[in-house]
Amino acid sequence: MQLKSKVSQLNRVGKTVEKQLNKLGIKTVRDLLLYYPFRYEDYSKVEKIANLEVGKQVTIKAEITKLSSRYNPRTRMVIVEAEVADDSGVCNLIWFGQRFIIKVLKTGDWVNFSGKVSVNKKGISLASPSYEKIRAGFSTAHTARIVPIYPLTYGISQKQLRFLVSQVVGESTNIADWLPDDILEKTGLMQLNEAISKIHFPVSENDIETAKKRLKFDELFILQLRAEMIRQSLKRQKASRIEFDKDVVKKFLEKLSFTLTDAQKIATWEIFQDMNKAEPMNRLLQGDVGAGKTVVAAICANSALEKGFQVIVMAPTEVLASQHYESFVSLFKDGKNNVCLYTRSKAEIHNDNNIGHLSTLVKKKNYIGEKIRKGELKIAIGTHALLSENLVFKNLGLVVVDEQQRFGVEQRRLIRQKNIYGLPDASVGMLDFQTKPAASRKSAHFLSMTATPIPRSLALTLYGDLDVSIIRGLPPGRKKIITRLVAKNDRTKAYDFIRGQVKQGRQIFVICPLVEITEDNILKFDQLDKKNVLDEYKKLSEKIFPDLKVAYMYGKMKPVEKSAIMEKMNKGEIDILVSTSVVEVGVDIPNASVMVIEDAERFGLAQLHQFRGRVGRSVYQSYCFLFTQHHFCVKNGAGFTENFSQKSQDRLKFFEKNNDGFKLAEFDLAQRGPGEVYGTAQSGIMNLKFASTRDIDLIKTARQLASGIDFSKYPSLKERVKEWESGMHLE
Ligand code: ADP
Ligand code: MG
């Protein structure tokens, strides 16, 4: 047998089992070895029945004295019951829905049973214990030891998989270590093959720990190497310097109706220092919702424009792009720089009469494209249409990407691919290594912005070390948004309050997790009772507020429809807007004072914080009301129903009391992990099975060893990163 042998060559692998294994991605012996358990049960000590303690995981060695099965019509399950005994006492066993057990076991058998001790009417018992018949001369792979538990799908059992792994574990000695000796030595960790064999069949807790540590390091080291490759490639790229010109900046600031906060000044200064270099800037500007990131970007854009460069400002949605267009027009209208808006459905140039006469969108887009190519049009604001529609810039100096975390996977791929700008890819969260930076072409400086704070530990894991500027706190004079988790019975009160706000001229947002209940999502167990936009709209507009102007909006509506709604909202022609999370990012309606969130427990805290940031953007005291459905349950892996309401209550209580986006992000990161907080696209890229953002020491070691590494000396490392990347793209 070899590492590359097919699993079908193993004992007891027929056509069916092979198919099941393939479903798990296991085709070869090597795949099987790299298919790791995700937890263990410690059955290493065999206990006497007389000594069993309730609540403990134990293994007993006992003889079956009685065995029977019956059907329970209520639960529609077969129940198998057994009585077993050793020389110290008697114990009851019970299995639910495992009718085959009656065929596998019989009275008189000596068996190892492992499970959790409980007490029922008949006395001490084990519920659904795993079992293994004791046959003379065979070691027991399943029970009397630390037992690995694998992530499995239906159709293949833990026992089967364990048996298969036990056949091949010896082969792990042939797995070559990808870490060069000198690096492995510096880490002080064990060899890869040793770690692999121990992760499957540990003899002690210590085995598990040390093996895991090695595998964690591997994951983290790959991420760090990748970040390092990007950093080194960026260093090799060239960019045009955009020098800091005090007078230019001063003149621009004088036009603003406010003065910058200290945090804004510092961030601006950091960006200027980057832009002043002959290599491309790759900086992330983080700042809470409403912290004033746009103006910082505008100051930098202005300086680039003054030096004759073109500037792109890109946003993830049409609504947001239009809003940026408005604010950039008002900031730059008296200058010599024309501003254009370019999205899938829109092409406009401010103050250009010619474009108004063009009859079709295509003609308008061509007109804009021509002006951009000639360098006559300096500021392009839009969505990723700016990337996908083959625009060529004459002299691009700065690219600003707002709400970078909201760009979808496909859009990120585009940004990565489009070398027309020489965009450094890391800027959009997806780290991708450009092997061939165009030597002669200059790259634009890149500034991405996000209101979703990335805690330091996560940033370090994801990006190695990303250049980050942070605007903490909000501009002075803002009123704190009053947040309330509203009890079910107080719904009417909340609606009365909302009516009062509308009477005073304010506007209201209502957020629901779903657009509508369709046949498609009704089948998904957990979507049944989610609030949806269309039903909620109907309820509010017909029953609760028939006298008010209620409207709705969701992501898949036509862009023109969405823009029309936002325009009406802007003009105050809508009192209450029911919507999905499309309003989450950046939308600016200063007159809105109440944010209602239905099924609030369905959203991450960072996202809730974004919603909340849609109100409180002017002088009016603003409010955020959270509604929940306390009864909701989810199925856990074991098929049991689990009620999460306590945990979500705690989260929402924390949200009620905290207004700092960073605190919220850290809370959610600790409670729910990066996948939930930042979406699977961003955390999926980490592909971490063992490591987490909490392994700070290992992250640091990995970072240190990757930093400044000479890849030409270690071609195998480069290979490994590429291999890892191609694996990523398959998903
Ligand atoms: P975000 O960081 O969420 O993108 P914006 O840039 O949209 O926030 O700014 C929110 C609002 O705060 C805008 O109306 C902007 O004009 C205003 N603003 C920005 N900086 C200041 C400041 N230093 N003082 C007062 N208002 C400011
Ligand atoms: Mg913004």
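What follows is a chat about a sheet and a ligand site in a predicted model.

Trainee: Before we start, what should I know about the model?
Mentor: It's predicted: local features need pLDDT of at least 70, side-chain atom pairs count only at pLDDT 80 or more, and totals for chains, interfaces and linings use all residues. Residues are numbered from 1 along each chain as its sequence is written, chains are lettered from A and ligands numbered from 1 in the order in which they are written, and side-chain values use heavy atoms, leaving out hydrogens and water.

Trainee: OK, in what order do the six strands of the open sheet run?
Mentor: 20-25-24-21-23-22, with parallel pairing. Strands are DSSP runs of E, at least two residues, and helices runs of H or I, at least four, numbered from the N terminus; a pair needs at least two DSSP bridges.

Trainee: Which strands stand at the edges?
Mentor: Strand 20 (482-485) and strand 22 (550-553); each has a single partner strand, so one side of each has no neighbour in the sheet.

Trainee: How many bridges join strand 22 and strand 23?
Mentor: Four, in the parallel sense. Tyr552 sits opposite Val578 of strand 23.

Trainee: Switching to ligand 1, how many residues surround it?
Mentor: 15, and the closest are Gln264, Gly290, Lys293, Thr294 and Arg478. To count, a residue needs a heavy atom within 4 Å.
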